[in-house]
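Biologist: Could we go through this one together, term by term? I'd like to hear what stands behind each label.
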Amino acid sequence: MREKGRVRGYGQGSSDARRDYRDSLFSVFVENLNPIVDVDGLWGIFKPFGRVRDIFKSQRSGSQRSCYAFIRFATVEEARRVAVSANGIHIYGWPIIAKEAKFG
C-alpha cells in the first residue's frame with residue numbers, strides 16, 4: 001500500500017486523544033516544497049522558529065512537482081512568526097510559500 005503522507009510528532013494514544021491534542025496546535029501551510037526534502041529536514045529547518053509539535057508532508061514519490069506540508073506549532077505567536085519569517089526562504093533551491101493555515 002502506498003503511503004499518502006508522513007507525520008512526525010508525539011501524542012500517542014486513542015484517536016480521541018490525538019484529536020484533542022491537535023486541536024490545541026496552530027498550523028502553518030507550506031507549499032512549493034522541493035520533493036527531495038523530508039519530514040526530518042523540515043523539522044530541522046523550522047525548529048529555530050518555534051516549538052514544532054508535528055509535521056505532515058505530502059508524498060509525491062519520484063515526482064518533480066512541488067509538495068506541501070502542514071507544520072504545527074505550540075502557540076499562535078510561533079505560527080504567525082513562521083508564516084512571516086519563513087515565507088520566501090529557499091529550501092533545496094526552491095522558494096517556499098508559508099502562511100497561516102485556514103480551516104473551514
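Modeller: Happy to! The accessible surface of the protein comes to about 6,400 Å², and carbon and sulfur atoms hold 49% of that. Do keep in mind that this is a predicted model.

Biologist: What makes up the secondary structure of the protein?

Modeller: There are 3 helices and 7 strands. Read from the N terminus, the order is β-α-β-α-β-β-α-β-β-β.

Biologist: Let's take a single residue. Why is D54 called buried?

Modeller: Buried means under 20% relative accessible area. D54 has 1%, so the label applies. This residue is found in strand β3, residues 52-58.

Biologist: What makes the link between the side chains of D54 and R72 a polar contact?

Modeller: The cut-off for a pair of N or O atoms is 3.5 Å. The two side chains come to 2.8 Å, so the pair is within it.

Biologist: Which residues of helix α2 are buried, and why do you say they line one face?

Modeller: In α2, residues 39-46, they are V39, L42, W43 and F46. Seen down the helix axis, these buried residues fall within an arc of 105°, so they line one face.

Biologist: Where do the residues of the largest nonpolar core come from?

Modeller: The core has 21 residues, and those touching the most other members are V30, L33, L42, F46, I71, F73 and I96. At least two residues each are supplied by β2 (26-33), α2, β3, β4 (67-73) and α3 (76-85). Beyond four places in sequence, the contacts of F46 include V30, V52, I71, F73 and I96.

Biologist: How many of the contacts join residues 24 or more positions apart?

Modeller: Of the contacts with a separation of 6 or more, 68% do.

Conventions:
Residues are numbered from 1 along each chain as its sequence is written. This is a predicted model: local features need pLDDT of at least 70, side-chain atom pairs count only at pLDDT 80 or more; totals for chains, interfaces and linings use all residues. Side-chain values use heavy atoms; hydrogens and water are left out. Buried means under 20% relative accessible area, exposed over 50%, partly exposed in between (1.4 Å probe, protein chains only). Helices (H or I, at least four residues) and strands (E, at least two) are DSSP runs, numbered from the N terminus. The arc is that of the directions from the helix axis to the C-beta atoms. Contact means heavy atoms within 4.5 Å. Accessible areas come from the Shrake-Rupley method with a 1.4 Å probe; for residues, only the protein chains shown count as cover. A polar contact is a pair of N or O atoms within 3.5 Å; within protein, one must be able to donate a hydrogen and the other to accept it, and residues adjacent in sequence count only if both atoms are side-chain atoms. A nonpolar core is a set of buried Ala, Val, Leu, Ile, Met, Phe, Trp, Tyr and Cys residues joined through side-chain atoms within 4.5 Å.
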